[in-house]
Amino acid sequence: MSAVEIKNIVKKYSTKKTSVTAVDNISFTAERGELFGLIGPDGAGKSTIFRILTTLLLPDSGSAALLDYDIIKDWKEIRNIVGYMPGRFSLYKDLTVEENLEFFATVFNTTIKENYELIEEIYKQLEPFKNRRAGKLSGGMKQKLALCCALIHKPKILFLDEPTTGVDPVSRKEFWEILKRLKTRGISILVSTPYMDEAKLCDRIALIQKGKILEINPPKNIISKFERNLFAVHSPEMFKLLMDLRSYSKTETCFAFGENHHLVVNDSSISAVDVKKYLESAGHPKATVSNIEPTIEDCFMHLMSK
Amino acid sequence: MTNETVIKTEDLTKRFGDFTAVKKISFEVKRGEIFGFLGANGAGKTTAMKMLIGILKPTSGNAKIAGFDIYNQTEQIKKNIGYMSQKFSLYEDLTIMENVQLFAGIYGLSDDEIKQRSSELIHKLNLQNQADKLVESLPLGWKQKLAFSLAIIHNPRIVFLDEPTSGVDPITRRQFWNMIYEAASNGITVFVTTHYMDEAEYCNRITILVDGVIKALDSPAALKEKYNTSSIEDVFVLLARGAKRND
Amino acid sequence: MLVLFGMPVIQLIIFGFAITTEVRNAKIAVLDNSKDEITQLLINRIESTEYFQIERTINNSDQIESAFKSGKIKLAIVFQPNFQNELLHTNKAQIQILSDATDPNQATTLANYVSAVVMDYQNELMELNKIPLTIDTELRMLYNPQLKGAYTSVPGVMGLILLLVSAMMTSISVVREKEFGTMEILLVSPMKPWLVIISKAIPYFILSIVNVATILLLSTTLLDMPIHGSLFLLTLVTVLYILCALSLGLLISTITNSQLASMLISLVGLMLPVVMLSGYAFPIANMPDILQWIANLSPAKWYIIIIKNVMIKGVGPEGIWKETIVLAAMTAVFILISIKRFKIRL
């Protein structure tokens, strides 16, 4: 029995003028106790998948089950076992932190006390603000409160739709630390994010683009499957460097990556020395070239441009 | 980048009641510079940005934007800047061409200029075949690219970008930054906020705002060296961990 | 767009042509205790105006009373026995005009029409016979002898306020959950979806009850408005009306997704018809058929009739059962459609 098992799910949205296939024949399985990530930009179909799995939307075709409960037939049972945190902040802005938590505890037929140990660690950080209205919290705090509310009934599977979007790096780090600890409590977690660097924090990830899955694997395997040579290139004139690298005959793709440019070459015999030679001839005497291991973002972009 | 200063702030402060959102920030930005403005949620970024684009009056301190005073020359400031935010950028229920013409009109271009620049812009973005499609049918990344082109259609001195690439796919994100580079090389100063720390590396200089105060202001390389870290993200976390404020 | 451009046009047409305070084709009863030439003549003249339509079936004072109570007639004319004899011999005769003053304006207008016809005839006779004749018209304003405006405005306000509070506020508060995204979380919870909805309606139910109590208290103390009928009955039908309004609000919330839309629908779709078509501001009887037909769809129309009957005329259950059944049926239909339309998903 898997935590989540979805098969050939298709979901289209049609308006008068256009029809968009938000989810295009997607299948995957997430095991129990796994931290499974859906990684992709806005519009990839992440939220739609979550809404289908949480019984909020009906798929056009395909089937899915959570812990063997069918998402269409057994929607009532599913609503008892999942915790869901939607992509946009969905708590009562004019209730205080404590009131929100109490309200959701009541909705889920439980009390704060009953499952306090599960949320204790997160709630402690919120405690100083417990009498503040939820609408006045900072982004990071809002997310933590929303997580508390989604956890209050001790769900078996937790769905977190872009919990870290728009949140600053410090709060994002903290949030992922919380998720790691929740995983040790045996809760299966499905999380979606547009930030590629968060992929490495998941057990397994599905890279999604335009409603289709590009790849499903543990992050390490995805990286090791990257079959090309990748170089990090740096020079004092970064913009000119990018242009020159793109006109290099051995270049497959070249993109800016923070302080370096990442260069993918189309010929496996090309070494860092070869690239450096080319750059010297192109007027970059101070360029540094090093062979590096790709990041998930490199893999995503490579799969995207395939 | 030239030596001409286009943004200059001195002890710029904004208080809401007894809460100081922005505390005495001072910095200068040169013409053609890409200036990154980073900070945790609630650090005061939005407040500072609102003051600089002339829609929020500071409590104290001075600032000159493109040579105009932010207290009493806000109209001139608005003529000389472009602004693009993640939340509002385009009218979804108008076509691409209609949006282009509308914004060109809003920025006060003459009819001839509107015609010429809008066809230039459509060509540059390679949208010729889609010019009469509704904006809502465009993917997010394209919307953001179009929005940026519109924010600079009137050749402003400075363009302010508020999280322009949030949620955009990695390839389009980089295409977007190419457009930023191009604008900067044409002499437009770019003032940008972002949550992607790798994008901070693309800026000429960055400031990190913590609790309304500038905690760091330098080039990415200099900051990494100073704090002895390998990435801007580590610098950011190091500085922002100590933040007291949470809203 | 359609609303913005269509509304002024529709309103102009409705106000200009369809809705007037003028009364036409009012149903009246005539009790002719004399049955002579002059009374026949007068009856014919009254009937030949466009204002009246005589109910021939009503032939005694008991029937008149019950016809008034059930709202079948708005006015009754009673000729004294030996009308012609008295007039020709004593130069004096009496006509009694009974008018249903639960709507004081309409009552006065109708009575004036009758008086005018009688007066004209009296003047004709005088010129013909060269003797002073007087036909005494004795006017009796039934149920509301002092012609207080409160008698129409209180039921009208009750019909309006309850519909607005219950229907508009309920729909807005449900739709707000959708707008803020909290509905998403509530749906993905063991809480039964209909329970979520019911719990949104309960506060407005209580608020409406408080509103009714306040209105009744104020109108009896400040406006000297009596409650002739049973307070229990009044409460019962009011609760039914509130339920009807709440279910209408739920229905609106199932078809809209934004607070603005549900507010517009409530205001345009509910408030305007209540004001214009419920008989509160303009008499229904003289609207074109199509508007009368539409007016029948407004729960407020039926409620206002019930309230007037119970409060002012002191009618018991026997006099309002038809209207009550209509309200109950409407409520049932609204609830059924809401349940049908209500989605357990987004």
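Is A:Thr55 buried or exposed? A:Thr55 is buried, with a relative accessible area of 0%; buried means under 20% relative accessible area, exposed means over 50%, and partly exposed lies in between, with a 1.4 Å probe and protein chains only.

This is a predicted model, in which local features need pLDDT of at least 70 and side-chain atom pairs count only at pLDDT 80 or more, while totals for chains, interfaces and linings use all residues. Residues are numbered from 1 along each chain as its sequence is written, chains are lettered from A and ligands numbered from 1 in the order in which they are written, and side-chain values use heavy atoms, with hydrogens and water left out.

**How the chains meet**

- Two pairs of chains touch, and the pair with the most contacts is A and B; a contact means heavy atoms within 4.5 Å.
- Chains B and C do not touch, and their nearest C-alpha atoms are 14 Å apart.

**Helix 1 of chain A and the residue after it**

- Helix 1 of chain A covers residues 46-53; helices (H or I, at least four residues) and strands (E, at least two) are DSSP runs, numbered from the N terminus.
- Six of the eight residues of this helix are buried, so helix 1 is largely enclosed by the rest of the structure.
- The buried residues of helix 1 are A:Lys46, A:Thr48, A:Ile49, A:Phe50, A:Ile52 and A:Leu53.
- A:Thr55 follows helix 1 and sits in the loop between helix 1 and strand 4 (61-66) of chain A.

**Positive phi values in chain A**

- Most residues other than glycine have a negative phi.
- A:Thr55 is not a glycine, yet its phi is positive, near 65°.
- A:Glu162 is not a glycine either, and its phi is positive at about 45°.
- The loop that holds A:Glu162 runs between strand 7 (157-161) and helix 6 (169-184) of chain A.
- A:Glu162 counts as buried because its relative accessibility is 12%.

**Helix 8 of chain A**

- In helix 8 (residues 238-246) of chain A, the buried residues are A:Met238, A:Leu241, A:Leu242, A:Asp244 and A:Leu245.
- Within chain A, these buried residues pack against strand 11 (230-234), strand 12 (251-257), strand 13 and helix 9 (272-281).
- They also pack against helix 6 (170-185) of chain B.

**A:His262**

- A:His262 belongs to strand 13 (residues 260-265) of chain A.
- Its relative accessibility is 9%, so A:His262 counts as buried.
- The side chains of A:His262 and A:Asp298 are joined by a polar contact of 2.9 Å. A polar contact is a pair of N or O atoms within 3.5 Å; within protein, one must be able to donate a hydrogen and the other to accept it, and residues adjacent in sequence count only if both atoms are side-chain atoms.
- Leaving out residues up to four places away in sequence, A:His262 touches several residues, among them A:Leu230, A:Phe231, A:Thr253, A:Phe255 and A:Ile292.

**Chain B**

- Chain B has nine helices and ten strands.
- A compact globule of 247 residues would have a radius of gyration near 18 Å, and chain B agrees with its 18 Å. The radius of gyration is taken over C-alpha atoms, and the globule rule is 2.2 Å times the number of residues to the power 0.38.
- The C-alpha atoms of chain B fill a box of roughly 50 × 40 × 35 Å along the principal axes.
- Of its 247 residues, 56% count as buried.
- Among contacts in chain B between residues at least 6 apart in sequence, 69% join residues at least 24 apart.

**Chain C**

- Chain C has 13 helices and five strands.
- The C-alpha trace of chain C spans about 90 × 45 × 35 Å along its principal axes.
- Buried residues make up 49% of the 346 residues in chain C.
- For contacts in chain C with a separation of 6 or more, 77% are between residues 24 or more positions apart.
- C:Met287 lies in the loop between helix 10 (259-277) and helix 11 (289-295) of chain C.
- C:Met287 counts as buried, because its relative accessibility is 4%.
- C:Met287 and C:Arg24 are 263 residues apart along the chain, and their C-alpha atoms are separated by 8.9 Å.
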